[in-house]
Amino acid sequence: MKKIIATLMAGLMAVSVLAGCGGSTGTDSKTSDVNAGKTESDWSYIADKGEMVIGITYFEPMNYMDDNGKLTGFETEFAEKVCEKMGVTPKFQKIDWDSKEVELNAKTIDCIWNGLTITDERKENMDISTPYMENKQVMVAKADKAGKLTSADALSGLTVVAEKKSAGEEVAKTDEFFKNAEYVSVDSQSKALLEVKSGTADVAIIDYVMSIGTLAEGSDYSDLKVVEEKGFSPEQYGIAIRKNSTETLKKLNDAIQAVADEGELKKIAVKYNLDDLLLVEAK
Amino acid sequence: MEQFFNVSQQLLKGFGENSFIFIITLLLALPLGLVVSMGSMSKFKPLKWLTKTFVWIIRGTPLMLQLFVVFYVPPLLSNGNFNFSRINAALIAFVINYAAYFSEIYRGGIESIPRGQYEAGQVLGMTRSQIFFRVVLLQVVKKIIPPIGNEIITLVKDTSLASVIAIPEILMMAKDFSMQGLIWPLFYSALFFLLFCGILTLLFSFIEKKLNYYKG
Amino acid sequence: MSLLSVQNIQKSFGKTQVLKNISFSLDKGEVLAIIGSSGSGKTTLLRCLNFLETPQKGKITVNGSVLFDSSDISRTSDSQIRKNRLHFGLVFQSFNLFPQYKVIENIMLAPQLAAKEQLKKTGEFMGAANFKDAQEIIRETAFSLLDRVGLSEKKDSYPCNLSGGQQQRVAIARALALNPDVLCFDEPTSALDPELTGEVLNVIRGLKTSDSTMIVVTHEIEFARDVADKIIFMDEGVIAEEGTPDQVINNPQNPRTKEFLSRFNH
């Protein structure tokens, strides 16, 4: 299934390149405006609509449904504040995480705002905002085993799982700490946890941020524990928008700073217990 | 208990999407399939080959891919100026896909009716449409009920593929719960499918029994 | 003047010429038996008369009106052909009853459709002014036809519950329900077990006394001699011999006829 998507992505990217060419040759009425370069047109496209479609998936504590079925979370509230500053209405659109780049290029969403880790590969394909939050990869294991995972030797013969193509996978494959473990990739972080929970794997490497929401007291994973002492591969979260959208990027970064300056960002982070990880300081 | 109630309610909402796709697909694909089968049995060769190619492409590619194509290709080609809504894209892909499958079942059913039945109608002075509706149709229906039933039950489960273009259907809902730390909704969602398919199975065995009054 | 006149019928399938210039005529109330080996063209001839095949050449006239003339294409419209067919009835070798209808419904279906059409056009069908009355007339006729083929008590059975012989008798009643000028039988007993042929042949014999004009393609030589007023022996698409049963069966002239008949004299 993954392969199909991967193949299709390649195909669709080829198509999107063609589509880009089509636009620049002036066959497309909306983008062939002589004065409007592509960079300007992305912001005017969003501004004309008056709304910014924000691509999200649900995961606690970033974006999730509360008990009343209302969308909430750190990113949700953060995005609402930022959009207010930008003068557009936020519209949250749930997407399939595997299709986020296609969604962005197809303009079915205007940004990806969901704990997106900034990587070089992503920076090549998309414009990414200033980093606003720090994240790290952590090990998760059954509570009774978690304390023993102190050295590479202790992991010898154990099975380690992580989401395919994630930062966690990078860690599992490259970090010396895991050299004696056997690595298996799965298609999502929640699957990785399920593997550990069911005993088919011993250690999952997931986002620290995700572990906060998912391993909370009262969840089905409450018998799993984060190995707090050891973190890997610190990384940063950013908001992704379409490539070469300079104006949109500037507006976005300015708005983020403005929200931080007012102290709102800090307030929201505290609410979701994420204030330690915040990167944008009030000036 | 309250959690169970909340999850059930959410999943039921998701299953509403599945049911909606299911019903609309059936309503549109069943008649459209008949039109397609007419094309593939046409004596006009270009139409026949066009239809056959269409059926080949639709049956020869994954439905998941078709969902992607219907939803993402129009905006990619038009630089975001044109796109179907997610649910419309899903409906278009499902209707086209299932019409192709139904058309082949229809064709098989229609071609299995002996020529003698048509000729008997002809020598009795019936028109083409009288022969089709009065003589052939019910015999075809009897023949195709089992394979159609099979296909329809597959459709119930295929509807969850709509999640690849982010339709909030039941499996996606259940996966979201697992992101929030609840695993059991994922397995609980199977119950909805089982129940739905169980009802369909009963319905189809009832229809089959109704048509069992004659053989041949 | 003869009831049916067939002139110079030619029919080919691809390069194979199946009927080469067939001509014959038939008077009202006459029974014609067509005999000949398989592939001699006798079934094709019958199918041409019922417009299931279109001859390349020839002319078919019934009761003085021309139904088919290869030199006049205007007569080949769908609705014209449908009208032409009603002059003929055809009983198939394989019965071809409609399996989903009861015996009585099999017989009534076509007349009902015809009645609806005629009521719409002329407001009248066999003296009835509405469909309900017409339906009663059709039902009466169907009952009497079933009685004639000896299957009154099977009226509510489905074809799958009847023996082959019974199915063929229903098929005969069905063909008679439209009151055709000429009733054709295409090897009506060939698909039957030997012990069931008798009941079907007896029904056909019974029809002869009621003044029906019939054409019977058959392998039953004895039956042909009994029932026919006229026999045609077909061989390789031509009429090799034609005459009374006495002439053709008892004193055949053509060596091919003699050879064919010798196979039946045990």
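A salt bridge is taken here as a side-chain nitrogen of Lys or Arg within 4 Å of a carboxyl oxygen of Asp or Glu. By this rule the count over all chains comes to 32 salt bridges. The model is predicted.

**Which chains touch**

Two pairs of chains touch, and the pair with the most contacts is chains A and B. Chain A and chain C do not touch, and their nearest C-alpha atoms are 46 Å apart.

**The interface of chains A and B**

Here 39 residues of chain A and 29 residues of chain B take part in the contact. Chain A and chain B bury about 3,200 Å² between them, with 62% of that area on carbon and sulfur atoms. The interface holds two salt bridges, and seven residue pairs are in polar contact, both residues being at pLDDT 80 or more. On the side of chain A that touches chain B, at least two residues each come from helix H1 (2-24), strand S2 (64-65), S4, helix H4 (100-105), helix H8 (189-198) and helix H9 (208-214) of chain A. The largest share, seven residues, belongs to H1(A). By residue class, this side of chain A has 19 nonpolar, ten polar and ten charged residues.

One salt bridge between these chains pairs the side chains of A:Lys94 and B:Asp176, at 2.9 Å from N to O. A:Lys94 is part of strand S4 (residues 89-94) of chain A and B:Asp176 of helix H7 (residues 170-179) of chain B, so the pair joins two chains. A:Lys94 counts as buried because its relative accessibility is 11%, under the 20% cut-off. B:Asp176 is likewise buried, with a relative accessible area of 10%. Another salt bridge links B:Arg86 and A:Glu103, with 2.7 Å from N to O.

**The interface of chains B and C**

In this interface 22 residues of chain B are in contact with 25 residues of chain C. The buried area is about 2,200 Å², and carbon and sulfur atoms make up 60% of it. On the chain B side, the residues that lose the most area to chain C are B:Val123, B:Leu124 and B:Arg134, which together account for 32% of what that side buries.

Two salt bridges cross between chain B and chain C. One of them joins the side chains of B:Arg128 and C:Asp78 at 3.3 Å, N to O. Helix H5 (115-123) and helix H6 (128-158) of chain B each give at least two residues to the side of chain B that touches chain C. H5(B) supplies the largest share of that side, eight residues. The residues on this side of chain B comprise eight nonpolar, nine polar and five charged.

**Salt bridges compared by distance**

| Residue | Partner | N to O distance |
|---|---|---|
| A:Lys94 | B:Asp176 | 2.9 Å |
| B:Arg86 | A:Glu103 | 2.7 Å |
| B:Arg128 | C:Asp78 | 3.3 Å |
| A:Glu176 | A:Lys179 | 3.9 Å |
| C:Asp156 | C:Lys155 | 3.0 Å |

Side chains of opposite charge can pair when their charged atoms come close. Of the pairs within a chain, A:Glu176 and A:Lys179 are both exposed. C:Asp156 is partly exposed, with a relative accessible area of 42%, and C:Lys155 is also partly exposed, at 28%. In chain A, salt bridges that share partners join A:Asp42, A:Lys49, A:Asp110 and A:Arg242 into one network.

In soluble globular proteins, nonpolar side chains tend to be buried together. The largest nonpolar core in this model has 97 residues, and those with the most contacts inside it are B:Leu11, B:Met126, B:Ile165, C:Leu4, C:Phe24, C:Phe88 and C:Ile215. Helix H4 (residues 86-111) of chain B gives the most to this core, twelve residues. Beyond its neighbours within four places in sequence, C:Phe24 is in contact with residues including C:Leu4, C:Val6, C:Leu32, C:Ile215 and C:Glu242. Another core, of 58 residues, lies apart from the largest one, and among its members are A:Met52, A:Ala79, A:Leu249 and A:Ala255.

**A loop residue of chain A**

A:Ser151 sits in the loop between helix H6 (143-146) and strand S8 (159-163) of chain A. A:Ser151 is partly exposed, with a relative accessible area of 30%. Between A:Ser151 and A:Asp275 there are 30 Å in space, C-alpha to C-alpha, and the two are 124 residues apart in sequence.

Conventions: Residues numbered from 1 in each chain as written. Chains lettered and ligands numbered in written order. Predicted model: local features only at pLDDT ≥ 70, side-chain atom pairs only at ≥ 80, totals over all residues. Heavy atoms only, no water. Contact = heavy atoms within 4.5 Å. Buried area = accessible area lost by both parts, 1.4 Å probe. Helix = DSSP H or I, 4+ residues; strand = E, 2+ residues; numbered from the N terminus. Nonpolar A, V, L, I, M, F, W, Y, C, P; charged D, E, K, R; others polar. Buried < 20%, exposed > 50% of the residue type's maximum accessible area, 1.4 Å probe, protein only. Core = buried A, V, L, I, M, F, W, Y, C linked by side-chain atoms within 4.5 Å. Polar contact = N/O pair within 3.5 Å; in protein donor to acceptor, adjacent residues only side chain to side chain.
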